[in-house]
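Biologist: I am new to this structure, and I would like to learn how to read its features one at a time. Could we take them in turn, with the general idea before each case?

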Amino acid sequence: MAAAKKKDSAKASNKTAPKDGAGRNAPSVDVLKKYYRDMLLIRRFEEKAGQLYGMGLIGGFCHLYIGQEAVVTGISAAQDNDKDTVVTSYRDHAHMLACDMDPKGIMAELTGREGGYSRGKGGSMHMFSKEKRFFGGHGIVGAGTAIGAGLGFAHKYTKDGGVAVAYMGDGASNQGQVAECYNMAALWDLPILFVIENNQYGMGTSVKRSSAGTLYRRGEGYGIPGEQVDGMDVFAVEAAASQALEYIRSGNGPYILEVMTYRYRGHSMSDPAKYRTKEEVASFKEERDPITSVKDMLQTQGVDEAELKEIDKEIKAIVNEAATFAQESPEPHVDELWTDILVEESA
Amino acid sequence: MPTNILMPALSPTMTEGNLAKWLKTEGDTVEAGDVIAEIETDKATMEVEAVDEGILGKILISEGTQNVAVNTPIAVLLGDGESANDIGEAPEAAPTAAAAEVSEESAPVAQADAEQPSGAVVENRDILYHQGIIVEPPPFDEASFTDVYTATVREALRDAMSEEMRNDETVYLMGEEVAEYQGAYKCSQGMLDEFGKDRVIDTPITEHGFAGIAVGSAMNGLKPIVEFMTWNFGMQAIDHIINSAAKTLYMAGGQLGCPIVFRGPNGAASRVAAQHSQCYASWYAHVPGLKVVAPWSAADAKGLMKAAIRDPNPVVFLENEILYGEKYDNVPSSDDFVIPLGRAKIERSGADVTIVAFSIMVGKALKAAEELAEQGIDAEVINLRTIRPLDRHTILESVKKTNRIVVAEEGWPFAGIGAEIAALIGEHAFDYMDAPLARVTGADVPMPYAANLEALALPQAEHIVKAAKKVCYQD
Ligand SMILES: Cc1ncc(C[n+]2csc(CCOP(=O)(O)OP(=O)(O)O)c2C)c(N)n1
Ligand SMILES: [Mg+2]
């Protein structure tokens, strides 16, 4: 949480920074530190979730985001976090952290405890926070995209100035309802940013084997602009998202960002990921890691090892606190089985 | 303090595995995320990654060891400034590195469990029923609505939607042909003119997509009415109705619900054959988290539609094309005519046999009751109005009086609404019954096109008469 809260100030300082060679804002140390923190929080959180899963404390499916941290971090940094809404699939822990949801509540939901965001009734794949404008957490591939278009519909209907950010996987982008929603979003100029997190695989099926053409260009027929972005570079993601969001917020309708990324772990905890080579995984981990590159930039800018260690310690403390909470929080009361099925009006 | 690395569970079902290979040796430096070992599970060979950095101080389980139980310490990790001499300090059964900081796994749960306050009050009628409690329906003084007007079912639906849209800015109507065409069955006549195109919205023919959009908008503060041109096409949207709308409140621990109405004509129309003639009452009534409503008269249509729109839950509203044009002179005009969901109506009271029906079958049941009266049998006709939550109380009170029951529905018999009511009777009225329950249903076949076959597939008043006479032992 502490890591995510710095968001606004960091964004502001980014705006006033001088341009770098590529015409982008040269990142200030503040911005670099913010991204480093945000991404590290996700990575450490996910590693901890993996560990708790290994100990049998988390059950069922558990989809980790390790490797993809720059995507949600960059996009969230470009959002108006007082207005915009977010929805994604089951690979959702990072999106919730980026929405400034409490790591304790997220982890406790993973362990199925009363202190979880859904009081243990949703689990890893189904979590929500009305307060933080995070609308799930959906286990059905493609469903989040239509729900996202609906969030955008409500923004437009109420003229509240918000934009819906709807994440989907490369696999999800083949669902019929995604095409249906591109059509309606364009037809009705809905304020929605479609984010395709192209991590190159949908479970064991590579994009090459599942998807014809180029994913972001599927909006063209509907008149939706789109682009491909390097998802291992948090600055590239933030820059593209800022432009896209400005375009959407000015009333131009939807935009598609295809963010090229990679997941280091298997699809879920039980996936040995035999469908790809060790070399392929290593090439991303060793040469493209989004956290290492920001760390390198920090060091180039003169931030010393001790200070980085201090940040690591801070993040670790947040994650450990979440893990402790997630184990100490009691299981939901047995009567919870029978509540929250309908809103009872007499209640 | 040195910390133990434990044998991890790598799938939901894994309880033990083989330690296939160590990729680090004692004395190696380990970074978080490094692959340190390979483990064979029941399904595959998996890599084990380190969660913390340190030095691999000692390997406790050598490679090649079979059937290592989950959570067995397999190695010891040394932190900054620690040496192999410190290993004795690693507590015997301490969890892994980070887990040492997160305390033991099971104790806090058991302990806290005992301290828990008692749970929330259960109010859900269906759940209470399965706990042995039959709740009375919500009160409603229908006779007090004396100001009435004449309207068709179609007009009554339009009036209900319009009244609610006047009352609440967040209510909107969306669907195929609802705006400019005024509704495929003219149920939204005049609404585009009154409310404009931002609130009466024509969609492309994409049921799955627009149902999902409506659900998302409901989560984000609106109250959509989604028209399916017919419920047959709503099948394309069933994933959003069930997985996205009905389950969200529960999955969100009560934090976020989905106030939405899905409506459209249900059941058989006339001569449109198999793909356009099906009753979905039993399909949707199966699902916890949905309310399912089926009006018969124009007053039903108006009062139930208003209730459905005001209800904070997802409501499946099953209309009937054949009834749209039926005219009634007793439609209450009051804005407060809101029929509580979960309350059935006794359309005709009688002493000899109970006939339970919904939607178009209510009219057929009333016709049957007239014929039965001529033959000396006094039938009570119950119009369910709401299928779920089912007004079990009214049904039971009636059969306790008549001791005989016929359930009439247009849908297929298997796991139908009649089957559910049969279970109710078996569970709670067994001792009151003077005859076995009888079901009148649609024929258990896809709807045929030929006029003669279609007539045979649909239940008619005469079938109800026959069934009622049978349970009265007068056949
Ligand atoms: C409708 C549906 N079909 C199949 C599945 C099973 N499933 C879960 S995740 C997944 C792969 C999705 O891949 P992608 O969209 O690329 O997302 P990623 O997992 O890479 O984040 C599949 C097939 C599902 N959950 N929902
Ligand atoms: Mg993918």
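Biologist: Which spacing do the donors of the magnesium ion (ligand 2) follow along the chain?

Modeller: Donors are N, O and S atoms within 2.8 Å of the metal (3.2 Å for Na, K and Ca), and since water is not among the atoms, sites may look incomplete. Here the donors of the magnesium ion (ligand 2) follow the spacing D-x28-N-x1-Y. Helices (H or I, at least four residues) and strands (E, at least two) are DSSP runs, numbered from the N terminus. The coordinating atoms are OD of Asp170(A), OD1 of Asn199(A) and O of Tyr201(A), at 2.1 to 2.2 Å.

Biologist: Are Asp170(A) and Asn199(A) buried or exposed?

Modeller: Buried means under 20% relative accessible area, exposed over 50%, and partly exposed in between (1.4 Å probe, protein chains only). Both Asp170(A) and Asn199(A) are buried.

Biologist: What should I know about the model and its numbering before going on?

Modeller: This is a predicted model, in which local features need pLDDT of at least 70 and side-chain atom pairs count only at pLDDT 80 or more, while totals for chains, interfaces and linings use all residues. Residues are numbered from 1 along each chain as its sequence is written, chains are lettered from A and ligands numbered from 1 in the order in which they are written, and side-chain values use heavy atoms, with hydrogens and water left out.

Biologist: What pLDDT does chain A average?

Modeller: pLDDT is the predictor's confidence in each residue, from 0 to 100. Chain A averages 93, and 92% of the residues score at least 70. Over residues 1-17 of chain A, however, pLDDT stays under 50, and for these residues the model has 38 contacts beyond four places in sequence, a contact being heavy atoms within 4.5 Å. Where pLDDT is low, the predicted coordinates should not be read in detail.

Biologist: At what angle do H8(A) and helix H5 (residues 207-219) of chain B pack?

Modeller: Two packed helices are described by the angle between their axes and the distance between the axes. The axes are lines fitted to C-alpha atoms, for helices over the stretch in contact, and angles run from 0 to 180 degrees between N-to-C directions. H8(A) and H5(B) pack at about 70°, with their axes 8 Å apart. H8(A) is therefore roughly perpendicular to H5(B), since angles under 35 degrees count as roughly parallel, over 145 as roughly antiparallel, 65 to 115 as roughly perpendicular and the rest as oblique. Among the residues making the contact are Cys181(A) and Met184(A) of H8(A), and Phe210(B) and Ile213(B) of H5(B).

Biologist: What is Phe153(A) in contact with, leaving aside its neighbours within four places in sequence?

Modeller: Phe153(A), in helix H7 (residues 143-158) of chain A, is in contact with residues of both chains, including Trp188(A), Leu190(A), Met174(B) and Ile213(B). Phe153(A) is buried, with a relative accessible area of 6%. The C-alpha atoms of Phe153(A) and Leu190(A) are separated by 5.8 Å, although the two are 37 residues apart along the chain.

Biologist: How do helix H12 (residues 392-402) of chain B and helix H13 (residues 417-428) of chain B pack?

Modeller: H12(B) and H13(B) pack at an angle of about 60°, with their axes 11 Å apart, which makes H12(B) oblique to H13(B). Their contact includes Ile395(B) and Leu396(B) of H12(B), together with Ile421(B) and Leu424(B) of H13(B).
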